[in-house]
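These are my notebook entries on a single protein chain.

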Amino acid sequence: MSEDLSNNHASSETTSVDAWATIKFLQPSKNYPGQKGNFIRTTRYTWWSFLPLSLLENYRSYTNIYFIIVLIICALPLSPVNYLFTLCPMLVVLAISMIRAGIEDLMKYVQDRRRNNAPVKIYSFGEWVDSISADIRAGDVILVENEQSCPVDMLYLTSSNVNQSANFSMAELNGEATVQTIYPHPHFKGKQFPQAITHRQYEVDVPEPDRDLYKFNAKLKSETDIWPISINNILLRGTSLKYTDWAIGVALRTGHDCKIMMNQRHPPAKMTQFDKDNNTMVLCVFIFKMITVFIISGCCCYFEMHNDFNLLDTVMPSAFKSFWEAFLQYFVLFSYLIPLSLNCTIEICRLFLMFIISYDKYIVEEDRGKSKPHNSSMLGNLGLVTHVLTDKTGTLTENVMQLKEFTDSNGTFTTAEFIKSYEKDAFYSERSLEMLRALALCNTVIVYESKGTLEYNSESPDESAFVKFASEAGVALIQHDQESITLDELGKKVVYKVHAVLPFNSTRKRMSIIVQREGDSNAIIYTKGADNVIYQRAASTKYNNEVNEFSAEGLRTLVFSSRILEDEEIEKFVEEYKEAAASLDNREQKLDSVATSIEKNLNIIGVTGVEDRLQPCVPEAILWLRHAGIKCWVLTGDKLETAIEIGKTSSVILPGADTLILSSSREEETLKSAKCYRDNFDNFKDPVLCLTENATTLLIEKEPEDIIYLCKKVKSVIFCRSTPFMKARIVRLVKSFKGSLTLAIGDGANDVGMIQESHVGVGISGLEGNQAAMTSDFAIPRFRHLIRLIAVHGHWAFDRFAWTAMIMIYKNIVFSFSMLWMAIDTMGSPSSFYDSFFMSCFNLLFTMIPPFIYGWIEQDLPEAQLVRYPQLHRTLPNPMTPPLIAYFCGLGVYQSIIVYYVIRLTMPSSNFTENGFFSYFGVVLIVSVMVSSWLRYWCWVTFLANFGTLFVAILVIMLYGAFMEPEIMSCVLVDMTNPRTYLMMILVMILGLIPPIFLEFCVEHFGMRLNRLLRERRYIDIDGPIDFAEAMKQESEFEEMTSISAAIP
């Protein structure tokens, strides 16, 4: 009877949906509308698109656009500077940026090439031919070997196992290392392959490629016979064989038509928040420059038009021409306001910090390796994250289930106590034999013998935990196949015939198996599922209190039940089941309806409480995110009940928090519940929103106002039964929220879509599977390492990049505006009074090191404090905002005035060269000291870099004067021996530095900022251990900092 139930008999019934394409076995079609080959590409660039695309991405930066304008003007005849002096550095800067992007994309190309060149066997002209994955075509018959990843979505035919079943893992797809079993299509059962498909022509009508990993409805046809095909007959790309020497299948989907590839998107060119802020800063400085150039050009024109030399009137140009010539020349001279090396400096800092993260000793796991940053551009975004969207399985959890407690008619037991009692008395388990038998029978566990011991693997980890416990308690599962199950019940071998397996799905939310003990006349149905589902189908309700107690302990609960079936009932069920299984139209709905007809009047056997072990420090990490003001959204493929339990154990749902559930399948009811929650939102305590599949679909497709409101207000949201496509759409929705910056983290190929869609993508380097890690911006060993990535590296990177960019602008304003005051003194003449050699050395030598030092090792706070106090997240002032840009522009102008006019007025009889030399040296001196005053982390490197720069400047000036420019040497030898010169430089330093430093001191110390408070008050030993988990446990000190943080406006 079991064979009848599992077979889908031939039928002449046709589906109401036309086939998108027909695939013939062993006959790849030239007219196939989908991707014919199996070549995949996950890189952003190709050899021909790299240059235009990388250039396009580089010119999203206003800095590069600005220098294109400068280059064009430099090429005009009136330019005071040769265009080559702009073109060559610009090409170098672009080359550095493009090389970095190319290297990052090359790493993805290497992975693509490895997958495309993976060896496979393809059946061709009566023999197996060695080939590569990229050569597979739809319709090819391929052979996959043990531990090999399936290269296509294929219709499974047979395997090396005696019963033709194959065991496989989907770790590459979803991070779950559990082993599942697939059986051949009933029509192919018992046939020899590939001979069976060479003697008879088969073809498959397939639907259009889609993203749904849990659905594949197609038709298998041969001559006049038609059979249905479901997802249960398909091995998806990315699954790997386990405990099976080989398996044979027919390729139905290839390349980017495969379901897992459909759930991925082309790698986007992400633009960071720093890039946007940098554009804002460049735009503000450009406007400032244009105003300055217009004013000085107007002055120049005025001086020319109103001169006292009447003889020049006949040769003077018109006012417009005079203005235009001055404008072009000043535009070029003041191009230094926005340094060409700005982007190059930031890129070098990014690469250095990538190296630091790669070797961070706190982001290392012995069995998983170290962190691997793939995209240096995203470093600054880590310090600005507002939403973390995380997968559950393999990301928050270890995906290792353990049965902790159970209840049956004999009472409530912990598994540890029960096993101890059984070991003392072998007959102790007889009292709970029915419960143990249900645990051992009601599952889809695979039994595998290794080195004389039995290993249990299952699609659901909790089933493996049930079977393992039953085995330890005296009821061991020995053999489990499609037709029978063999148990060792307290030393006695018992065989059960399997009549039917009614699997779990998101609609049914339960699993049943119908078995008949050898020698018994009646069959028994065993059913397990969520308490609310089973109680609806039970003759009476039992153990409701125990279910609540287990749930309160954070355990996942399942209720087990059974019922004896009469022969007439079995026969009727078999007939109806066969008819539903053979249907080509609405087959799944019909099978569910038949299953429901027999799952009724059940007798409750007992309740189990299972613990899904979390990864280390996950609850503390979630609490850290919560206190940092980061909202944590969990996107899982689990059912609602499981997701809620994980939410409780992981601190996504706090003790005593209200859970707002939107689970109705009807849109009207969902919207009504959402409105009710919104109206009463202020009455809830720490509410967490939970959405099932239907509510999630409604949210991402129609974006109802009430649900959007709830999503924005709650601290956490849990999405159940989320598909990869849904995850990506949810991330896109959050990105649309004003001021949001998303970080998506996952470990499986089903998380790739959301990782690519988010502002920052983080992959977990799992024990099995690496697709998420390879497509991410950062790969880390475990979820807890995310805290250090955000708290330390993100915080420091944001601070370093923003201040480095501002320092680059600031020092050039001081440098350029000194020439402006000179121009006013010379009646607007657009020329430089700096030596040309010194002009080139300013950015390349004399002031190059301080910005790099700031961008590499500056620390506004020690790493221990950053990890210990999550309230510090996003508290840094951004110097690239318009008000602070205005301040630094004003500071640069003020200091340039001091430098030029103090020297000009104290040396009235000096010549043009002397004024230029001392003004230049004054600029270098003031800029070096001012940048040093902004440093908050001092060590021998920073000291040497900042003050060593001044020593290098003096040495270079003396060497240049001695060998190249005697007039400069004369200034050094004559003026530097005059005490007046030293007094003049001291006056420049006092007037140029004391006022701004005093102003910044007042702002810093009289304005309440958490960063400043922590710098003044050393709450912890900064050389002590760095452990955020311990910090979360020190409630008194933590609450004190929370109250202080809340008091700061």
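**Entry 1. A salt bridge between strand and helix**

Are lysine 528 and glutamate 463 buried or exposed? I found lysine 528 buried, and glutamate 463 likewise; buried means under 20% relative accessible area, exposed over 50%, and partly exposed in between (1.4 Å probe, protein chains only). I note that this is a predicted model, in which local features need pLDDT of at least 70 and side-chain atom pairs count only at pLDDT 80 or more, while totals for chains, interfaces and linings use all residues. Residues are numbered from 1 along each chain as its sequence is written, and side-chain values use heavy atoms, with hydrogens and water left out.

Lysine 528 and glutamate 463 form a salt bridge, with their closest N and O atoms 2.9 Å apart. The term stands for a side-chain nitrogen of Lys or Arg within 4 Å of a carboxyl oxygen of Asp or Glu. This pair links distant parts of the chain, since lysine 528 is in strand β26 (residues 523-529) and glutamate 463 in helix α13 (residues 461-472), 65 residues apart. Helices (H or I, at least four residues) and strands (E, at least two) are DSSP runs, numbered from the N terminus.

**Entry 2. Further charge pairs**

I counted 34 salt bridges in the structure. Side chains of opposite charge can pair when their charged atoms come close.

I next looked up the salt bridge between glutamate 147 and lysine 242, at 3.0 Å from N to O. Glutamate 147 is in the loop between β4 and β5 and lysine 242 in strand β12 (residues 240-242), so the pair ties together parts 95 residues apart in sequence. Lysine 242 counts as buried because its relative accessibility is 13%.

A salt bridge also joins lysine 702 and glutamate 667 (3.0 Å, N to O). Here the linked parts are helix α21 (residues 693-702), which holds lysine 702, and helix α20 (residues 667-679), which holds glutamate 667, 35 residues apart. Lysine 702 is exposed, at 53% relative accessible area, whereas glutamate 667 is partly exposed, at 33%.

I also recorded a network of salt bridges that links Glu203, Asp205, Lys219 and Lys221.

**Entry 3. Backbone geometry**

Which residue has a positive phi of about 70 degrees although it is not a glycine? I found this in glutamate 147, in the loop between β4 (141-145) and β5 (153-159). Cysteine 617, also a residue other than glycine, has a positive phi near 65 degrees. Its place is the loop between β28 (603-614) and α18 (618-627). Cysteine 617 counts as partly exposed because its relative accessibility is 27%.

The peptide bond from phenylalanine 193 to proline 194 is cis, with omega near 5 degrees. Proline 194 belongs to the loop between β7 (176-182) and α6 (195-198).

**Entry 4. Buried positions**

I checked helix α19 (residues 640-649) and found seven of its 10 residues buried. Among them are Leu640, Ile644, Glu645 and Ile646. Serine 651, which follows α19, has a positive phi near 75 degrees.

What does leucine 235 touch, apart from residues up to four places away in sequence? I listed Cys150, Val152, Asp153, Met154, Tyr156, Phe168 and Ile182, where contact means heavy atoms within 4.5 Å. Leucine 235 lies in strand β11 (residues 234-235), and it is buried, at 3% relative accessible area.

**Entry 5. A nonpolar surface patch**

Leu844, Leu845, Phe951, Val952, Leu955, Leu959, Phe963 and Met964 make a nonpolar surface patch of about 850 Å². Patches are made of residues with over 30% relative accessible area and no salt bridge; like charges are joined within 9 Å, and nonpolar side chains (Val, Leu, Ile, Met, Phe, Trp, Tyr) within 5 Å. Areas come from the Shrake-Rupley method with a 1.4 Å probe; for residues, only the protein chains shown count as cover.

Helix α32 gives the largest share of the patch, five residues. Leucine 955 lies in α32 and is partly exposed, at 41% relative accessible area.

**Entry 6. The chain as a whole**

I recorded 37 helices and 35 strands. Of the 1049 residues, 57% count as buried. The C-alpha atoms fill a box of roughly 125 × 70 × 55 Å along the principal axes.
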